[in-house]
Amino acid sequence: MNDTDNSPANAAACVTLSHGDDAYRRLRSDVIACRLPPGVIVTEPELMAAYDIRKSSCRIALTRLAHEGFVRSRPRKGYQITPITLRDVEEVFQLRAQIEPLAARLAVGRVDLDTLRTLEAACRVPHPVLHLNDQIDVFMDANKAFHLEIAKACGNERLHRMLAGLLDEMSRLVALGFGVQKTKPEIKHDHNAMIDAFAEGDARRVETIARRHIETFQAMTLDKLYASLAETGAAIPVQNPGSWR
């Protein structure tokens with residue numbers, strides 16, 4: 001007996017969900033890349049026009065983004081793209097500094113070194129024909145893939161999921177800081193040093209390099225963020241996003 005529902009109503013619902021998924025991915029990408037700037041108010045009609053999507057797809061996307069904390073409903077106004085706060089910056093890097101060195105240590109002897117070398121090389125490929133913001137997007141995607149490959153190899157699925165979310169949040173910080181300053185992030189030699197330590201099976205060295213890499217990138221990102229804020233005359237709110245009214 002076939003329990004599959006092939007009714008027109010079910011087919012229409014599946015199409016709506018598919019369009020909603022597409023709208024969600026596009027909006028999420030623009031939120032993370034700060035093409036939809038932190039703190040800005042948007043309305044459903046504006047998003048429907050800008051992304052050429054229907055109301056049902058728009059609402060599916062906004063509901064999912066709100067669940068992830070990327071947008072907030074503003075009654076009678078629309079939706080606010082969640083601001084970036086000083087606490088966000090502190091918490092993202094604080095958590096990364098705790099879980100990523102652990103993931104790296106656990107991945108020793110498990111991670112595929114050839115895959116890591118390929119992903120590391122992708123971080124350095126120049127894309128001169130792309131707009132700078134798109135170059136930053138490409139770099140961050142490759143950088144995220146490098147770090148998640150290590151997290152996947154550690155064998156802890158919860159750690160992998162947590163790090164994936166943190167790296168998305170970090171991408172917003174990078175887009176806001178480096179994008180305004182019109183420069184790409186540089187990872188220098190930490191990735192290759194980490195690969196060498198993996199090849200040698202040196203868990204302590206891998207863990208140390210991972211922690212140093214995060215601390216260095218935090219300092220660099222904060223420097224760009226503050227420079228961008230001074231340049232634009234904006235200010236990062238100091239309150240916790242969850243306490244906003």
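Strand β2 (residues 71-74) and strand β3 (residues 78-81) pair in the antiparallel sense over 4 bridges, where pairing requires at least two DSSP bridges between two strands. The model is predicted, so local features need pLDDT of at least 70 and side-chain atom pairs count only at pLDDT 80 or more, whereas totals for chains, interfaces and linings use all residues. Residues are numbered from 1 along each chain as its sequence is written, and side-chain values use heavy atoms, with hydrogens and water left out. Helices (H or I, at least four residues) and strands (E, at least two) are DSSP runs, numbered from the N terminus.

**The β2-β3 hairpin**

- Arg-74 stands opposite Gly-78 in β3.
- The hairpin has 3 residues between its strands, and Arg-76 lies in this loop between β2 and β3.
- Arg-76 is not a glycine, yet its phi is positive, at about 65°.
- Arg-76 counts as exposed, at 85% relative accessibility; exposed means over 50% relative accessible area, buried under 20% and partly exposed in between, with a 1.4 Å probe and protein chains only.

**Helices α2 and α3**

- The axes of α2 (residues 44-51) and α3 (residues 55-68) come within 10 Å and cross at roughly 110°; axes are lines fitted to C-alpha atoms over the stretch in contact, and angles run from 0 to 180 degrees between N-to-C directions.
- Glu-44, Leu-47 and Met-48 of α2 meet Lys-55, Cys-58, Arg-59 and Leu-62 of α3, contact being heavy atoms within 4.5 Å.
- These contact residues divide into 4 nonpolar, no polar and 3 charged.
- Asp-52 is in the loop between α2 and α3 and has a positive phi near 55°.
- Asp-52 is exposed, with a relative accessible area of 70%.

**Nonpolar cores**

- The largest nonpolar core has 48 residues, and Ile-150, Met-170, Met-194 and Phe-198 have the most contacts inside it; such a core is a set of buried Ala, Val, Leu, Ile, Met, Phe, Trp, Tyr and Cys residues joined through side-chain atoms within 4.5 Å.
- At least two residues of this core come from each of α4 (86-107), α5 (113-124), α6 (132-153), α7 (157-181), α8 (190-200) and α9 (203-232).
- The helix giving the most to this core is α7, with 11 residues.
- Beyond its neighbours within four places in sequence, Ile-150 is in contact with Ala-103, Ala-104, Ala-107, Val-111, Leu-116, Met-194 and Phe-198.
- A second, separate core of 18 residues includes Ile-32, Leu-36, Ala-61 and Leu-65.

Technical notes
Nonpolar A, V, L, I, M, F, W, Y, C, P; charged D, E, K, R; others polar.
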